[in-house]
Structures are given as C-alpha cells and as structure tokens.
Amino acid sequence: MAAAVHAAAVGAGALSRPPRAGRHLYLDLEPLRDALAAHGVGDAQELEDFLAARLGMPAPGGHRFGDDLGALRVRLSTGPLLGTADDERAECLTAPEPLELPHVQRALTTVKSVFDDLRDAQRWEPPR
C-alpha cells in the first residue's frame, strides 16, 4: 500500500524516500508549489487542509512534526486506505493481493487522481 501511494506522489513530482516499513509516508510537495498555490495553498497548514479535504483522510502537515510552517511537507498514513470498516481492514490483512480489493482500488484511485491533478496543473502554463 505504501509503495502504491509513494508511486502516485513521486509520479506527480513530490519528493519522498521509498517506503521500507510502516504505514506512513513523509512527502515534500515543494516541487508542486505553483500548482498548490493555484489552489490557495502556501504553507503546511493549508496543504494539510487541502489534502485532507480531497483525500478524505487526515494529512497532517509537516509543521506538526517540527518542520517550518512554510515547508510544503505532509505525512500520509496508509491506514485509512485499508477501509473504513473492521471487516474491510481484516480482509486486507488476509487477501493474497490486497491492492486488488475493490475498496482499496477506489482509495488508491482517489490518491492517484489528487496527485495527478497537481502534476497536470504544474505542467500547464497560461497562454502568453
């Protein structure tokens, strides 16, 4: 799960070390600053609010972990992507391919869509 979220974020231009263990990713979205600014995001608190609203899950900004408020960093947990009900989360633990479960695919599609939109906005330039 963490590898799939990492791929979506890095594919959009975010910076992050590859996941090795655990369920959290720490993302630096500085390369996407222009795209985020177009959505009114200029600091970690605004990034937290923006991503939480679009992803439908908590996305604590890096300022909560000692980073400067102006740094566009966020910590994402893969836990909420496993499902909202106990039976969905349990199914993820026992499934041979948890990424193929419909509720996981929907969650990952949302994550990918949010980051793809930022990537696409970053590449777009207004007409001159």
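Trainee: Leaving aside neighbours within four places in sequence, which residues is L76 in contact with?

Mentor: Happy to start there, with the reminder that this is a predicted model. L76 is in contact with V5, R23, H24, L25, L27, L55, M57, P58, A59 and F115.

Trainee: Which residues have the most contacts inside the largest nonpolar core?

Mentor: The general idea comes first: in soluble globular proteins, nonpolar side chains tend to be buried together. Here the largest nonpolar core has 32 residues, and those with the most contacts inside it are L29, L36, L51, L76 and F115. Two or more residues each come from α1 (2-12), β1 (24-28), α2 (33-37), α3 (44-55), β2 (73-77) and α5 (102-123). Of these, α5 gives the largest share, seven residues.

Trainee: Is H6 buried or exposed?

Mentor: Relative accessibility settles that, with buried meaning under 20%. H6 counts as buried because its value is 13%. This residue is found in helix α1, and beyond four places in sequence it touches G11, S16, R17, P18, P19 and L25.

Trainee: Which residues of α3 are buried, and what covers them?

Mentor: A44, L47, E48, F50, L51 and L55 are buried, with α2, β2 and α5 among the elements covering them.

Trainee: What is found at the start of α3, and what just after it?

Mentor: At the start, a side-chain oxygen of D43 reaches to within 3.1 Å of the backbone nitrogen of Q45. Just after α3, G56 takes a positive phi of about 70 degrees.

Definitions and conventions. Residues numbered from 1 in each chain as written. Predicted model: local features only at pLDDT ≥ 70, side-chain atom pairs only at ≥ 80, totals over all residues. Heavy atoms only, no water. Core = buried A, V, L, I, M, F, W, Y, C linked by side-chain atoms within 4.5 Å. Buried < 20%, exposed > 50% of the residue type's maximum accessible area, 1.4 Å probe, protein only. Helix = DSSP H or I, 4+ residues; strand = E, 2+ residues; numbered from the N terminus. Contact = heavy atoms within 4.5 Å. Polar contact = N/O pair within 3.5 Å; in protein donor to acceptor, adjacent residues only side chain to side chain.
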